[in-house]
Amino acid sequence: MLCLLFFLVTAVGAELCQPDAENAFKVRLSIRTALGDKAYAWDTNEEYLFKAMVAFSMRKVPNRETTEISHVLLCNVTQRVSFWFVVTDPSKNHTLPAVEIQSAIRMNRNRINSAFFLNDQTLEFLKIPSTLAPPTDPTMPIWMIIFSVIFCIVIVAVMLLIFSGIRQRRRKSKGPSEVDDTEDKCENMITIENGIPCDPLDTKGGHINDVFMTEDERLTPL
Amino acid sequence: MEKSRPLWANPLQFVFACISYAVGLGNVWRFPYLCQMYGGGSFLVPYLVMLIVEGMPLLYLELAVGQRMRQGSIGAWKTISPYLGGVGLASVVVSFFLSMYYNIINAWAFWYLFHSFQDPLPWSVCPLNDNHTGYDEECEKASSTQYFWYRKTLNISPSIQDSGRVQWEPALCLVLAWLVVYLCVLRGTQSTGKLEQLANPKAWINAATQIFFSLGLGFGSLIAFASYNEPSNNCQKHAIIVSLINSSTSIFASIVTFSIYGFKATFNYESCLNKVILLLTNSFDLEDGFLTASNLEQVKGYLASTFPGKYSEVLPQMRNCSLQAELATAVQGTGLSFIVYTEAIKNMEVSQLWSVLYFFMLLMLGIGSMLGNTAAILTPLTDSKVVSSHLPKEAISGLVCLVNCVIGLVFTMESGNYWFDIFNDYAATLSLLLIVLVETIAVCYVYGLRRFESDLEAMTGRGLNWYWKAMWAGVSPLLIVSLFVFYLSDYILTGTLQYQAWDAFQGQLVTKDYPPYALAVIGLLVASSIMCIPLVALGTFITRCLKRGDTPPAA
């Protein structure tokens with residue numbers, strides 16, 4: 001009798017938990033990818049822990065505080081490691097709605113992940129999308145800060161150069177204006193050939209004192 | 001009459017200015033691309049031949065003209081012949097076009113530089129979509145670096161017709177870039193510079209073109225720089241030095257770029273393989289870690305034979321990973337700089353450091369070239385008495401920078417990148433060829449090669465080698481004419497012009513035709529600089545005729 005009951009229960013359980021059954025979820029683990037050498041083997045004890053974590057998550061849902069480990073059914077465990085699971089109600093005849101299971105798992109995702117040393121990418125619940133971490137938007141974008149710093153430095157440098165240029169020009173215009181006049185006169189007398197002043201070609205620079213020149217010539221011996 | 005002209009403090013400053021002008025972004029993003037397209041190392045042969053036959057002679061010619069005439073481009077050519085003032089004017093117009101669009105590259109470099117101080121780098125991760133369940137769709141379809149370039153930096157519109165608004169972030173960076181340029185040219189142009197490229201299937205054509213534009217001939221910048229030289233300066237030696245350094249920088253940059261390509265190709269190939277492995281592992285519930293790169297093909301064959309139905313379902317999702325295909329993706333221009341390089345950088349250790357260094361380098365190159373360009377515009381302006389008597393030097397530079405900055409805001413609009421491509425491809429190419437051709441003919445035949453030779457001897461104290469004379473009088477003009485003919489015929493044969501537009505829904509580039517008004521702008525760009533030459537010649541001729549008509553010539 002007991003055997004028959006047990007057989008009945010497992011048969012019902014088998015029907016409830018099937019790939020693509022109603023309210024069933026597929027889980028995929030990539031233990032070797034996550035842990036490399038420290039990977040543990042997936043055995044029935046790990047399955048027990050998984051059932052416990054799911055039951056724990058369901059217990060946090062109002063009205064489901066009486067969920068037991070035995071209510072969580074696993075099936076079709078592959079070498080991947082992947083399997084399907086469902087959560088039944090206390091009568092073990094119906095499975096709990098997918099929406100409830102989804103929200104329960106999402107709220108406790110971190111706890112479940114850390115129990116297995118995995119993360120959202122290596123412990124996947126297909127059809128339960130994980131909430132990605134929101135981007136940290138600082139109040140002032142970093143680039144603006146650096147931009148403002150460089151901008152201010154450049155503006156200050158430009159101002160400095162302009163003002164020093166103005167000051168230099170003022171000093172020059174106040175200074176020896178006579179020197180300027182004689183320079184202008186000298187330049188006026190520079191011969192221009194074909195638009196090019198001969199000045200660049202003249203190595204002496206045009207500062208010859210005529211008085212001394214003529215005296216030398218006078219004193220030149222016959 | 002002529003105030004004493006400001007001089008370079010020493011010849012080294014002049015050489016550095018020329019090098020800085022010539023070495024620029026083209027060395028980094030154009031030359032490696034050409035090497036890759038035309039057989040790698042073997043491209044060096046036409047490149048070096050063109051360097052010796054075309055690059056060095058023309059560079060020497062421009063420097064010699066500037067040093068001899070001691071004026072900016074307009075004054076220098078007017079001195080050679082009053083009818084040729086148009087050549088200088090055309091140079092200034094082309095430089096003006098260049099400075100309009102070139103500084104936006106510096107703005108983009110600043111943008112990326114400022115964004116390099118974050119962890120993780122903003123172009124290494126996709127942003128989340130609205131309900132935080134996955135990544136943004138456009139970013140998924142393209143890649144995170146492409147998304148950051150096309151969406152976050154450019155906010156590009158689907159075609160050139162959709163102008164959109166001016167984007168304030170790149171506009172701010174553009175203003176900053178112009179402020180930096182103004183800071184450097186404010187006191188007079190005693191600083192740096194560089195230049196660009198073009199393209200076509202024939203390796204020799206490309207080598208000739210690359211040398212030509214890479215050295216920055218025809219803009220008037222080199223004439224401007226040389227005009228501040230001592231007359232006795234040995235510009236022949238400097239011409240050789242500058243062209244050699246420019247070419248070796250290009251070659252060095254290609255070595256770096258090729259290693260970046262290799263790194264990126266390997267990385268992409270391995271992640272492609274990993275994706276295929278994950279797909280197969282999940283679809284067939286194989287043991288985790290069983291599939292590796294080495295047994296992938298074997299297992300694929302086994303699965304295809306054992307589970308044909310399921311395998312055929314999975315097959316369309318599997319990409320064929322090929323290292324050759326990854327290596328063959330050659331990119332040039334802004335695509336190389338801002339997409340490929342950033343993709344490589346994001347996968348390196350300490351990526352923030354490499355990113356900062358890389359964009360700082362781009363900025364140095366870009367600003368260096370901008371200064372040369374601005375010199376080409378400012379020198380004729382400050383030389384002309386009309387302008388310099390009314391405004392001080394600072395005001396002239398400020399005005400030029402302001403006008404260019406305001407016009408440059410066009411390139412910060414959503415369709416700005418498409419207009420940038422138009423300017424980049426057409427503003428300086430045909431016009432420059434014609435300008436340099438007229439320059440060479442003017443010096444050799446209008447001014448007289450013998451006269452120029454004796455001027456140079458008197459100036460520098462050294463004779464002119466027969467090699468330079470042969471090149472200037474014969475080989476280089478012929479080469480330029482053939483390049484010019486080639487480009488014209490190529491354009492006529494191809495017919496309509498097309499451009500690459502970014503499609504946000506597909507996450508890739510699509511080819512579209514230019515609308516008529518864009519074609520009109522292209523025509524205007526090319527014509528406005530070329531027309532200067534005949535128009536000024538005609539104008540001078542008419543004024544002379546009128547003057548001769550009014551006053552009878554003196555006995």
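This is a predicted model: local features need pLDDT of at least 70, side-chain atom pairs count only at pLDDT 80 or more; totals for chains, interfaces and linings use all residues.
Figure 1. B:Val242 belongs to helix α12 of chain B, which comprises residues 235-284. With a relative accessibility of 1%, B:Val242 counts as buried.

Figure 2. Which residues does the unreviewed UniProt entry list for "binding site"? The entry names B:Ala22, B:Val23, B:Asn27, B:Ser214, B:Asn246, B:Leu365 and B:Ser369. These residues span 348 residues in sequence, yet no two of their C-alpha atoms are more than 12.7 Å apart, and they therefore gather at one spot. At a relative accessibility of 0%, B:Ser369 counts as buried.

**Figure 3. The kinked helix α21 of chain B.** Helix α21 of chain B covers residues 429-460. A straight helix of 32 residues would span 46 Å at 1.5 Å a residue, whereas the end C-alpha atoms of α21(B) are only 33 Å apart. Where is the kink in α21(B) centred? The kink is centred on B:Gly448 and amounts to about 95 degrees. Because 23 of its 32 residues are buried, α21(B) is largely enclosed by the rest of the structure. After the helix comes B:Gly461, which has a positive phi, near 85 degrees.

**Figure 4. The contact between chain A and chain B.** In this interface, 38 residues of chain A are in contact with 38 residues of chain B. The area buried between the two chains is about 3,700 Å², and carbon and sulfur atoms give 64% of this area. A:Arg80, A:Leu132 and A:Trp143 supply 19% of the area that chain A buries against chain B, more than any other three residues.

Figure 5. Chain A contains eight helices and six strands, arranged along the sequence in the pattern α-β-α-α-β-β-α-α-β-α-α-β-β-α. Of its 222 residues, 29% count as buried. Among contacts in chain A between residues at least 6 apart in sequence, 60% join residues at least 24 apart. Chain A exposes about 15,200 Å², of which carbon and sulfur atoms supply 60%. The unreviewed UniProt entry lists residues 142-163 of chain A as "transmembrane region". Over residues 142-163, chain A is 100% helix and 0% strand, and the end C-alpha atoms are 32 Å apart.

Technical notes. Residues are numbered from 1 along each chain as its sequence is written. Chains are lettered from A and ligands numbered from 1 in the order in which they are written. Side-chain values use heavy atoms; hydrogens and water are left out. Helices (H or I, at least four residues) and strands (E, at least two) are DSSP runs, numbered from the N terminus. The expected span of a helix is 1.5 Å times one less than its number of residues. The bend at a residue is the angle between axes fitted to the seven residues ending there and the seven starting there. Buried means under 20% relative accessible area, exposed over 50%, partly exposed in between (1.4 Å probe, protein chains only). UniProt positions are given in the numbering used here, feature names are shortened, and annotations may be inferred rather than shown by experiment. Contact means heavy atoms within 4.5 Å. Accessible areas come from the Shrake-Rupley method with a 1.4 Å probe; for residues, only the protein chains shown count as cover. Buried area is the accessible area (1.4 Å probe) that two parts lose on being put together, summed over both.
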